[in-house]
Amino acid sequence: MKSDNANLAKAVLGAYKDRLHLFEAGDTLEGGVKSIAAYGHTPGHTVFQKDSILVIADLIHGAALQLKHPEYCPSYDMDPDAARQSRLRILKYARENNLTMYGMHLPAPGYTK
C-alpha cells in the first residue's frame, strides 16, 4: 500500500512539474513571502509571512485551548515534540513582531493577533 501512495505522489508531482516551485524553509518566495519551518504537525509543515500577516496553516488545531496552552498536541501531530516546539517558537515570534496570524483551524473570522 505504501508503494501505491508513493507512486501516486510521484505521478501527481510529475503532472505539475512545469509549474512546481520547490523551496526550503527559510527561503523568501516570489512577492516577498518568507517561508518559516514549523515542523511537527507534518515533516515539512511551513508557515508563511508577508509583511504583518503570518499564515500558520495547521500550527493550531484547537485555538481555544492551544493559544493558551501551545504545549498541548492533538493526536494528529505526527511528531508531537517538534510540533510543540514549533508552536511555542512561532507564537512567540508572532507576539514579538506584532503579527496577525491566519490559520486554517482558527475560529471565524480565521485570524488572531
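# Reading a predicted protein chain

Colleague: How many helices and strands does the protein chain have?

Modeller: The protein chain has three helices and six strands; helices (H or I, at least four residues) and strands (E, at least two) are DSSP runs, numbered from the N terminus. From the N terminus on, their order is α-β-β-β-β-α-α-β-β. This is a predicted model, in which local features need pLDDT of at least 70 and side-chain atom pairs count only at pLDDT 80 or more, while totals for chains, interfaces and linings use all residues. Residues are numbered from 1 along each chain as its sequence is written, and side-chain values use heavy atoms, with hydrogens and water left out.

Colleague: What share of the residues is buried?

Modeller: Buried means under 20% relative accessible area, exposed over 50%, and partly exposed in between (1.4 Å probe, protein chains only). In the protein chain, 30% of the 113 residues are buried.

Colleague: What share of the contacts joins residues 24 or more positions apart?

Modeller: A contact means heavy atoms within 4.5 Å. Of the contacts in the protein chain with a separation of 6 or more, 43% are between residues 24 or more positions apart.

Colleague: Where is Leu20 found?

Modeller: Leu20 lies in the loop between helix H1 (2-15) and strand S1 (28-29). Leu20 is described as partly exposed because its relative accessible area is 41%.

Colleague: What are the dimensions of the C-alpha trace?

Modeller: Along its principal axes, the C-alpha trace of the protein chain spans about 40 × 35 × 25 Å.
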